[in-house]
Amino acid sequence: MVNVHHRYATVQGHELFYREAGPPDAPVLVLLHGFPTSSFMFRHLIPELADRYHVIAPDHLGFGLSEAPPVGDFDYSFDALADLTAQLLAGLGVTRYAVYVQDYGAPVGWRLALKDPDAITAIITQNGNGYEAGLVESFWGAARAYWREQNPDTIAAIRAAFSLEMIKWQYLHGVPDPSLVSPDTWHHDHALVSRPGNDRVQLKLLLDYATNLPLYPRLHAYLRDRRPPLLAVWGKNDEIFGPAGAEAFVADLPDAQVHLVDGGHFLLESALDEVAGLIRGFLAKADLPAG
């Protein structure tokens with residue numbers, strides 16, 4: 001049995017929660033979650049990998065069990081979340097690591113790679129977008145309208161994404177057998193997103209998401225120049241970040257491994273064994289340095 005530790009660290013005066021498992025001298029793998037979840041999404045994956053890897057999975061500020069200061073006390077942005085993550089890892093003595101990114105975890109991970117390219121030993125992106133081709137317009141149309149203008153109508157459309165029904169949809173859409181997905185997932189996430197004042201946190205972050213698109217060309221140049229080992233394992237039925245987002249990585253990184261799996265946005269809930277097997281095979285070939 002793998003022991004998973006549940007820990008807190010104070011970074012920039014804020015308490016961050018993280019899960020940690022695996023041998024301390026093993027290659028490090030950092031797992032970065034998306035919206036609206038937390039490191040809770042990795043609760044089953046961590047034991048699958050921690051026999052060979054030192055796994056660290058933080059909750060971003062404002063998510064999960066990390067502190068969630070109101071927007072008046074913290075300027076939420078993806079730059080800020082990346083800085084907190086970098087400082088957390090530095091405090092843990094982590095200087096080189098592979099990174100797994102999903103949803104919001106992707107823009108955090110891309111910023112970490114661009115700021116310190118030498119730190120990244122490999123990339124796993126599971127429905128973690130890096131190309132405009134991956135943005136499914138039927139989903140992102142409301143976000144684009146919100147980016148252009150913040151008014152009662154556009155804000156109301158975004159707030160709908162925080163509802164229990166829409167969070168449930170994120171977990172179930174595109175899943176061949178929805179009965180495999182535990183209702184604990186959407187109830188857990190909804191309860192934490194619904195903390196007093198957290199709606200304003202999420203509105204601020206989604207507004208800042210617009211800054212990620214201009215960042216994409218820098219990411220693509222990084223991939224071409226640095227050529228990190230990259231695995232794109234993607235729920236092919238995802239109606240948020242479509243499979244074109246996975247296939248696009250090959251244009252800048254011809255050696256990228258792309259696997260489209262029959263599933264949706266939160267692939268670990270319905271295809272854990274397949275994803276874990278692909279990750280283990282990929283990381284073994286990447287020959288990562290010891291922690």
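Reader: How many of the residues of strand β3 are buried?

Author: This is a predicted model, with residues numbered from 1 along each chain as its sequence is written, and in it local features need pLDDT of at least 70, side-chain atom pairs count only at pLDDT 80 or more, and totals for chains, interfaces and linings use all residues. Side-chain values use heavy atoms, with hydrogens and water left out. Strands (E, at least two residues) and helices (H or I, at least four) are DSSP runs numbered from the N terminus, while buried means under 20% relative accessible area, exposed over 50% and partly exposed in between, with a 1.4 Å probe and protein chains only. On that basis β3 is mostly covered, and the count of buried residues is 5 of its 5.

Reader: Which residues of β3 point one way from the strand, and which the other way?

Author: In a regular strand the side chains alternate between the two faces of the sheet. In β3 all of the residues concerned are buried, with V28, V30 and L32 pointing one way and, the other way, L29 and L31.

Reader: Which residue in β4 stands opposite V28?

Author: Two strands pair if DSSP finds at least two bridges between them, and β3 (residues 28-32) and β4 (residues 54-58) are joined by 3 bridges in the parallel sense. Within this pairing, the β4 residue opposite V28 is H54.

Reader: And in β5, which residue is the bridge partner of L32?

Author: Strands β3 and β5 also run parallel, here with 4 bridges between them. The partner of L32 in β5 is V101.

Reader: What does the twist of the sheet average from one strand to the next?

Author: The open sheet has 8 strands with mixed pairing, in the order β1-β2-β4-β3-β5-β6-β7-β8. Its edges are β1 (4-11) and β8 (257-261), and because each has a single partner strand, one side of each is left without a neighbour in the sheet. From one strand to the next, the twist averages 20°.

Reader: What angle does the direction of helix α2 make with that of β1?

Author: Axes are lines fitted to C-alpha atoms, for helices over the stretch in contact, with angles from 0 to 180 degrees between N-to-C directions, and contact means heavy atoms within 4.5 Å. Helix α2 (residues 78-91) packs on the sheet, where it touches β1, β2, β3, β4 and β5, and the angle between its direction and that of β1 is about 115°.

Reader: At what angle does helix α12 run to β7?

Author: Helix α12 (residues 272-286) lies across several strands, namely β3, β5, β6, β7 and β8. Its angle to β7 is about 170°.

Reader: Against which helices do the buried residues of α7 pack?

Author: In α7 (residues 184-193) the buried residues are T185, W186, D189, L192 and V193. Because they cover an arc of only 135° around the axis, they are on the same side of α7, the arc being that of the directions from the helix axis to the C-beta atoms. These residues pack against α6 (164-172) and α8 (198-208).

Reader: Which helix is included in what covers the buried residues of α6?

Author: The buried residues in α6 are I167, Q170 and Y171. They line one face of the helix, because seen down its axis they fall within an arc of 95°. The cover over them includes α7.

Reader: Is E269 buried or exposed, and what is its relative accessible area?

Author: E269 is found in the loop between β8 and α12. Not counting residues up to four places away in sequence, E269 touches M41, R43, Y171, L180, V181 and T185. E269 is buried, and its relative accessible area is 12%.

Reader: How far apart are the C-alpha atoms of A26 and A57?

Author: A26 lies in the loop between β2 and β3 and is buried, with a relative accessible area of 8%. Leaving aside neighbours within four places in sequence, A26 is in contact with R52, Y53, H54, A290 and G291. Between A26 and A57, which are 31 residues apart along the chain, the C-alpha separation is 15 Å.

Reader: What is the radius of gyration of the protein?

Author: The protein has 12 helices and 8 strands, and 55% of its 291 residues count as buried. The radius of gyration is taken over C-alpha atoms, and the globule rule is 2.2 Å times the number of residues to the power 0.38. A compact globule with 291 residues would come near 19 Å, and the value for the protein, which agrees, is 18 Å.
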